[in-house]
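Trainee: I have a protein model open and would like to learn how to read it. Could you take me through it step by step?

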Amino acid sequence: MTRAARGGGGGRAARGSAGEARGRAGEARGGAAEARGRAAEGAAARPARPARLSAAQAHARYEALVARAMTAEDPVAALRAAAEDPVLPPALRKALLGADEDGVRMSALLVARLRFERLLRGSPEAEAWFDRDPAEFSAAFRCYHAEVPPTAFFPPGEARLFRGWIEAQSGPPSRSTPGRCSSP
């Protein structure tokens, strides 16, 4: 029986196919290297991904974002914007998005009220200003509340924060611009 009849002729074809397969594999490796090169070029063009935070760092950032939202003009919008922070883990971003809007608004009102009360109890000057011109004082307080993070727990601490803010403003806001804050 001849080799062709036994399938031996197929050996040459098989060797040819194997050679073609090796050639295609080489092309594939070259293509993969080329693709990696393109990916590296694309990565250089994209901004770097934010660094991963530890669980403690992520929660601290989350708390700071929530605290900042409590002093924002629109606390719900501030929380929604905070949920876009790419550094926060998905679970914390989801928590920000899932916050009840009415609850957020009520919490922000309570934070403002508590700060207002602490300030009036801790600062005789602020109380006198409020008695003398409630509209002007309220406008100043609104700006203070938006610009100064709530860090005081007791009236004297709130009074110190307010006094520092007033000094940085170089005095109380003028009557011509009530409600207008010096910084965004």
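Trainee: How are helix 8 and helix 9 oriented to each other, roughly parallel or roughly perpendicular?

Mentor: A word on the source before that. This is a predicted model, where local features need pLDDT of at least 70 and side-chain atom pairs count only at pLDDT 80 or more, while totals for chains, interfaces and linings use all residues. Residues are numbered from 1 along each chain as its sequence is written, and side-chain values use heavy atoms, with hydrogens and water left out.

Now the general idea: helices (H or I, at least four residues) and strands (E, at least two) are DSSP runs, numbered from the N terminus. Axes are lines fitted to C-alpha atoms, for helices over the stretch in contact, and angles run from 0 to 180 degrees between N-to-C directions. Under 35 degrees counts as roughly parallel, over 145 as roughly antiparallel, 65 to 115 as roughly perpendicular and the rest as oblique.

Here, helix 8 (residues 134–147) and helix 9 (residues 155–169) pack at about 100°, with axes 11 Å apart. Helix 8 and helix 9 are therefore roughly perpendicular to each other.

Trainee: Which residues in helix 8 and helix 9 meet?

Mentor: Contact means heavy atoms within 4.5 Å. From helix 8 come Phe137, Ala140, Cys143, Tyr144 and Glu147, and they meet Glu158, Leu161, Phe162, Trp165 and Gln169 of helix 9. The residues of this contact divide into seven nonpolar, one polar and two charged. For those classes, Ala, Val, Leu, Ile, Met, Phe, Trp, Tyr, Cys and Pro count as nonpolar, Asp, Glu, Lys and Arg as charged, and the others, Gly among them, as polar.

Trainee: Which residues of helix 9 are buried?

Mentor: Buried means under 20% relative accessible area, exposed over 50%, and partly exposed in between (1.4 Å probe, protein chains only). In helix 9 the buried residues are Gly157, Glu158, Ala159, Phe162, Trp165 and Ile166. Their cover includes helix 6 (101–122), helix 7 (124–132) and helix 8. Just after helix 9, Ser170 takes a positive phi of about 60°.

Trainee: Does Phe130 count as buried or partly exposed?

Mentor: Phe130 sits in helix 7, and at 26% relative accessibility it counts as partly exposed. Leaving aside neighbours within four places in sequence, Phe130 is in contact with Phe116, Leu120, Phe137 and Ser138.

Trainee: How many helices and strands does the protein chain have?

Mentor: The protein chain has nine helices and zero strands. Buried residues make up 23% of its 184 residues.
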